[in-house]
Amino acid sequence: MSEKTFDTALANFINDFASGDAVRHLADQGLSVTEIVGQLPFPTKKELVAEMVWKHYLKIGRIRLSPPEKGMIRKVSYVRDEGAYGRTSLRQVVEEVPAPGEEYVKCSFGRELYQHREAFMKRLTGLTDKDRDYILSLPWPLEDVWHVLDERMKRIRQQMGLH
């Protein structure tokens with residue numbers, strides 16, 4: 001492992017330890033990345049907060065990289081195991097569980113933003129600042145993703161003319 005890779009991993013760990021829980025909590029409260037950055041008690045790069053929010057949304061299933069399959073989602077949890085000599089370790093457990101009845105919509109924000117930026121920015125003009133920030137601050141991939149059809153996404157889709 002190179003020194004730069006180690007330094008990056010260490011910095012990410014420190015930032016997640018220092019502000020990760022706060023970022024995830026504020027994201028769950030519906031705050032945009034810019035609002036979250038403004039709420040943190042110490043300076044944190046907006047790009048880092050956006051990455052934390054994105055990973056959190058993927059983990060909790062608000063955003064999926066593949067279409068939801070027959071009402072099933074992946075649930076990731078960790079189990080604490082204790083060895084013969086009292087050594088404690090964590091084991092990741094992944095299971096498929098029924099989705100909580102949430103409806104998803106396909107989003108191509110990343111592709112539109114990176115391939116047709118000018119036209120996409122025009123389509124965003126009818127959004128509130130908070131909704132526009134929500135779309136522009138997250139690191140959307142070029143591929144389609146599926147987003148829970150919550151109140152925010154209903155509002156965004158309506159104001160952008162998507163149905």
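This is a predicted model: local features need pLDDT of at least 70, side-chain atom pairs count only at pLDDT 80 or more; totals for chains, interfaces and linings use all residues.
Contact here means that heavy atoms lie within 4.5 Å of one another.

Leaving aside neighbours within four places in sequence, T44 is in contact with S19, V37 and V49. T44 is placed in the loop between α2 (33-39) and α3 (46-60), and because its relative accessible area of 10% falls under the 20% cut-off, T44 counts as buried.

H147, which belongs to strand β5 (residues 145-148), is likewise buried, with a relative accessible area of 0%. Not counting residues up to four places away in sequence, H147 touches R62, I63, E103, Y104, V105, C107, Y134, W140 and M153. The C-alpha atom of H147 is separated by 6.4 Å from that of R64, although the two residues are 83 residues apart along the chain.

The two residues are set side by side here.

| Residue | Place | Relative accessible area |

Two packed helices are described by the angle between their axes and the distance between the axes. For helix α6 (residues 129-137) and helix α7 (residues 151-160), the axes come within 11 Å and cross at roughly 100°, which means that α6 is roughly perpendicular to α7. On the α6 side, K130, D131, Y134 and I135 take part, and they meet R152, M153, R155, I156, Q159 and M160 in α7. The residues of this contact between α6 and α7 comprise five nonpolar, one polar and four charged.

Definitions and conventions. Residues are numbered from 1 along each chain as its sequence is written. Side-chain values use heavy atoms; hydrogens and water are left out. Axes are lines fitted to C-alpha atoms, for helices over the stretch in contact, and angles run from 0 to 180 degrees between N-to-C directions. Helices (H or I, at least four residues) and strands (E, at least two) are DSSP runs, numbered from the N terminus. Angles under 35 degrees count as roughly parallel, over 145 as roughly antiparallel, 65 to 115 as roughly perpendicular and the rest as oblique. Ala, Val, Leu, Ile, Met, Phe, Trp, Tyr, Cys and Pro count as nonpolar, Asp, Glu, Lys and Arg as charged, and the others, Gly among them, as polar. Buried means under 20% relative accessible area, exposed over 50%, partly exposed in between (1.4 Å probe, protein chains only).
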